[in-house]
Amino acid sequence: MAGFRVGVDVGATNIKIGLFDGEMALQDQMQTLTDPEADIDRLMDVVVGLVRRLLSKNDLTLDGIEGVGVALPSYIDYERGFVVETRNIMSLNNAPVRDILHERLGVPVIIENDANAAAVAEHEMGAGVGFDNMIYAQLATGIGGGLILNGKLYRGIHGMAGEIGHIFVSDSTGYPCSCGVTGCVESISSGAYMAKYATDRIKEGYDSSILNYAGTLSNIDMEAVGKALLTNDSLALELVNRGAEYLGRMFQSLNQIFDINIFVYGGGVAKLGSRFIDRMIACYRHHSLIDQHYPAQFIPAKFGDRAGMYGAALLLGPLE
Ligand SMILES: [Zn+2]
């Protein structure tokens, strides 16, 4: 039997860590809040501390594991093991994360973009099992994704393939995106920007039950919008129609480029419920040129917010 391995997912909100056996069965897991302001030493201290605690809790030592895979919300330079760019944990930028962790843990370490890791987990063990070609779409606070082409993760030249949130879908809708462009699907259909849109409308005086469900303006999230939607709240309906339309366009572009019609989706935007998802799929089918001949499958992700952790562990290498 192959040895144990550890998967870590460093997100903007939480750091999650899982211990897997040689057959990738999850044995134990822990998580802690991320301090996005922490400097790189402190951040690495937290990761190293979590790895050590998880192992000792399970009567294991670093000698007993094959390695540690780390998913990061970042563009990665795979050759050098560097983070090239991250928008929400600034201290990761230009940090040699792989080598720092390898030096401190003394075991093999790999680093990977979180959405790519999630795509691998869904493809190998989750909702995408059996499909040689699939696209994983993370519809969350931001919008990310990963491409599985011919059975393998496709990273592109700079490891940035699958950054589907910055597909351009409109020249007149949405806010300036975090990347600086106006019209990215992320700036219209992501959880963060849909919440911002709802907040801004309510601040302007729009009377919406979204605020009742959220409690305060700063608490508006997709769960509150989802609840308001069930009462046919008009602002929630507007958000759904708007968000779903542009996601439909995004999936249509992806289908047009790759001729792939297996879409696995995960992330908190799914909390908007089936009305949103059904509308998103209908918008895709409306825009697609080939869907009537080859209907796309939209499949909910299996691993939810643990996909990055699973994928990071899987990417350490083949199971024996
Ligand atoms: Zn953008």
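The structure is a predicted model, in which local features need pLDDT of at least 70 and side-chain atom pairs count only at pLDDT 80 or more, whereas totals for chains, interfaces and linings use all residues. Residues are numbered from 1 along each chain as its sequence is written, and side-chain values use heavy atoms, with hydrogens and water left out.

With a relative accessibility of 8%, V109 counts as buried, where buried means under 20% relative accessible area, exposed over 50%, and partly exposed in between (1.4 Å probe, protein chains only). Its C-alpha atom is separated by 5.7 Å from that of G69, 40 residues apart along the chain. Not counting residues up to four places away in sequence, V109 touches V68, V70, R98, L101 and H102, contact being defined as heavy atoms within 4.5 Å.

H123 is part of helix 3, residues 114–125, and is buried at 13% relative accessibility. The side chain of H123 reaches the backbone oxygen of F131 at 3.1 Å. Such a polar contact is a pair of N or O atoms within 3.5 Å; within protein, one must be able to donate a hydrogen and the other to accept it, and residues adjacent in sequence count only if both atoms are side-chain atoms. Residues up to four places away in sequence aside, H123 touches G128, V129, F131, M134, I148 and G151.

Helix 1 (residues 40–57) has 18 residues, which at 1.5 Å a residue should span 26 Å, and its end C-alpha atoms are 26 Å apart, in agreement. The expected span of a helix is 1.5 Å times one less than its number of residues. The buried residues of helix 1 are L43, M44, V47, V48, L50, V51, L54 and L55. They cover an arc of only 150° around the axis and therefore lie on the same side of helix 1; the arc is that of the directions from the helix axis to the C-beta atoms. These buried residues of helix 1 pack against strand 1 (4–10), strand 2 (14–20), strand 3 (26–33), strand 4 (65–72) and helix 2 (97–105). Helix 1 is followed by D59, which has a positive phi near 55°.

Within helix 9, the buried residues are F276, I277, M280, I281, C283 and Y284. They are placed on the same side of helix 9, because they cover an arc of only 155° around the axis. The face turned away from the buried side of helix 9 carries the exposed residues S274 and H286. Packing partners of the buried residues of helix 9 are strand 8 (134–139), helix 5 (191–203), helix 8 (234–258), strand 11 (262–266) and strand 12 (297–300).

Helix 8 itself has 25 residues and reaches 36 Å from its first C-alpha to its last, close to the 36 Å expected at 1.5 Å a residue. The N-terminal end of helix 8 is capped by D233, a side-chain oxygen of which lies 3.0 Å from the backbone nitrogen of L235. N241, within helix 8, is partly exposed with a relative accessible area of 34%. The C-alpha atoms of N241 and N261, 20 residues apart along the chain, are separated by 22 Å. Helix 8 is followed by D259, whose phi is positive, near 55°.

Most residues other than glycine have a negative phi. Positive values also occur at two asparagines in loops. N150, in the loop between strand 9 (143–149) and strand 10 (152–154), has a phi near 50° and is exposed at 66% relative accessibility. N232, in the loop between helix 7 (222–230) and helix 8, has a positive phi of about 60° and is partly exposed at 45% relative accessibility.

The largest pocket has a volume of about 1,400 Å³. Of the 47 residues that line the largest pocket, N88, Q138, A140, T141 and G142 are the closest to its centre. Helix 5 provides the largest share of this lining, with four residues. On a 1 Å grid over the protein atoms alone, a pocket is an open set of points with protein on both sides within 12 Å along at least five of seven lines, whereas a cavity is a set of points where a 1.4 Å probe fits but cannot get out; lining residues have an atom within 4 Å of a point. Grid points are joined across faces, edges and corners, and a volume is the space filled by probe spheres set on the points.
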